[in-house]
Amino acid sequence: MKGKGLDEGHGLISAVNTISMGNIGDFAIRRGSQSNNISSDGTAAGSGSMAFLTPADQFVSAIPGTEDFHLKDTSAAVDAGKNLAAAPASVNDIARTVDAPATHPDLLDIDGTDRAEEDAWDIGADEVESAPEGVWYVDPAKTGDGTSWKTAYANIQQAVDAALDGEQVWVKAGVYALTSEIIVDKPVSIYGGFSGKEKRLAGRNWKQRPTTLDGQGTTRCMFLNHEGILINGLIFRSGSMSEGLLKIRRGGAIHAALKAQFTVEDCLFTDNRTPANSGGAIFMTEASGVVRNCEFSNNTAGSGGAIYAEMSTLNVVNSIFAGNIADGGTTTSGGGAIFNKGSTVVITNCNFLQNHADSGFGGAVHSFYNPTSEITNSILWGNTAKVSPQIHDTPNQKATSVAYTDVDQDGFGGINGNIRQDPLLMDIALKDFRLQPGSPCIDAGKQDVLGLPELDFNGAPRVKGKSVDIGAFEFEN
Ligand SMILES: [Ca+2]
Ligand SMILES: [Ca+2]
Ligand SMILES: [Ca+2]
């Protein structure tokens, strides 16, 4: 802008709930009053005003050519305005006189959102839409009733307990040091990755704002005991049941009990343990689960270093298993990443890398006790075991069908679209599991597969080039 933002000149301007940024002098007000304004220079003054803020932090886009001056959920302007409807009559009179409305258009924002419905007004022309109904908020710095970010519950269990069936729990980023497991015994959705101001799920980012449940090596993180549970955007770290019967201790991060039905997506499981037992990260029994866009690294158990599925149904899509360990040494131990006991396990577009069952069977996947395992469009490379470095079936039970998959083990390559070639990943040591240019996995997957994901692990469109790629990532040209 060439001139001043609001220039009083010889008249008089009173400015409230106004954003003026990027001008040569945002507010030039000497006689009129100011409050609850925002400037990028130092000229916003009066109570509730904020100076020296950055447009990029306030607006969806302040970039020339792609401007979108709606507020970001995380903007300082959100809920920082003066509630004019609740202000003294004189203020209302001024506002209404200016617009001379038949009804009260001063209560509507630029999109028509009714500010009268808002508990706290935003500064500027845009009011960010209200948070949906049925959301419970968690922020460890608060001790409220869970009904807003400002009055959030301090812990997740309080929010789950308060939620009705079908409601949501939004968890602010941070580390939650658990001293007992969170019991989820109703159909609720639990989301992480919030800055603590968002009003829409789309405003959060679980990778940039990690929300970590830390079992501190003494407790499991979560016990799932109902149908219809969604877990999204959480990091499960150092979960481990140190007390209780062997049977109860199964599952370092999550134990899904009889009849539980869950979806876990956009989660990271790391350093969870179930010593001499089943399921380093997840254990499920007579349950049904979907695991999507998750990463499992450095989890340890006797069997099923990452996941142990017993008499269950499990779909695993777009997920990465790296460096998990099954360290049991009995005749049925193994499954460095996944152990399938009598379950139906369907694995699509996953990476299994450097998982180990060096005293047992199946460095990546072990299937046992009349199971069905289907592996499609996946990479199993660099896993090790005493017997069957990648995939192990109980002798005389041909349980595992493998198609369009890169397997470093005799008996698979050249059959059903499978290959046995170095997948040429970017850098496994640095946890960069994307495909290098020239990888044999590019366009080598099967597109016509039930449950093919639309997006890859990074959220990029799934099918590029001639066909879908093998593994969790679609190659970017
Ligand atoms: Ca508001
Ligand atoms: Ca709006
Ligand atoms: Ca492709």
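The conversation below goes from the whole chain to single residues.

Biologist: What kind of model is this, and how are things numbered?

Modeller: This is a predicted model, in which local features need pLDDT of at least 70 and side-chain atom pairs count only at pLDDT 80 or more, while totals for chains, interfaces and linings use all residues. Residues are numbered from 1 along each chain as its sequence is written, and chains are lettered from A and ligands numbered from 1 in the order in which they are written.

Biologist: How many helices and strands does the protein have?

Modeller: The secondary structure comes to three helices and 42 strands. Helices (H or I, at least four residues) and strands (E, at least two) are DSSP runs, numbered from the N terminus. The C-alpha trace spans about 95 × 50 × 35 Å along its principal axes.

Biologist: And the domains, where are they?

Modeller: The domain assignment gives domain 1 (6–117) and domain 2 (215–435); such bounds come from an automatic or database assignment. The C-alpha centres of domain 1 and domain 2 lie 53 Å apart.

Biologist: What percentage of the residues is buried?

Modeller: Of the 477 residues, 50% count as buried. A residue is buried if 20 or more other C-beta atoms lie within 10 Å of its own, exposed if 12 or fewer, and partly exposed in between, with C-beta atoms placed from the backbone.

Biologist: Which residues have the most contacts inside the largest nonpolar core?

Modeller: They are Val138, Ile156, Val169, Phe236, Ile254 and Ala281, in a core of 95 residues. The largest share of this core, four residues, comes from strand 9 (residues 135–138). Another core, of 15 residues, lies apart from it and includes Ala15, Phe27, Ile38 and Ile123. A nonpolar core here is a set of buried Ala, Val, Leu, Ile, Met, Phe, Trp, Tyr and Cys residues joined through C-beta atoms within 7 Å.

Biologist: Staying with Phe236, what is it in contact with?

Modeller: Leaving aside neighbours within four places in sequence, Phe236 is in contact with Leu213, Cys221, Ala253, Ile254, Cys267, Phe269, Asn272 and Ala281. Two residues are in contact if their C-beta atoms, placed from the backbone, lie within 7 Å.

Biologist: Which residue stands opposite Phe236 of strand 17?

Modeller: Leu213 stands opposite Phe236. Strand 14 and strand 17 (residues 235–237) pair in the parallel sense over three bridges; two strands pair if DSSP finds at least two bridges between them.

Biologist: Switching to strand 13, why is it largely enclosed?

Modeller: Strand 13 (residues 189–194) has five of its six residues buried, so the rest of the structure largely encloses it. Strand 10 (residues 168–172) runs parallel to strand 13 and is joined to it by four bridges, with Val169 partnered by Ile190. Strand 16 (residues 229–232) is also parallel to strand 13, through three bridges, and there Tyr191 has Asn232 as its partner.

Biologist: Now the backbone angles: which residues have a positive phi although they are not glycine?

Modeller: Among them are Asp79, at about 60 degrees, and Lys259, at about 70 degrees. Most residues other than glycine have a negative phi. Asp79 is in the loop between strand 8 (68–71) and helix 2 (89–99), and Lys259 is in the loop between strand 18 (254–256) and strand 19 (261–265).

Biologist: Is Lys259 buried or exposed?

Modeller: Lys259 counts as exposed because it has 12 C-beta neighbours inside 10 Å. Asp79 counts as buried because it has 20 such neighbours inside 10 Å.
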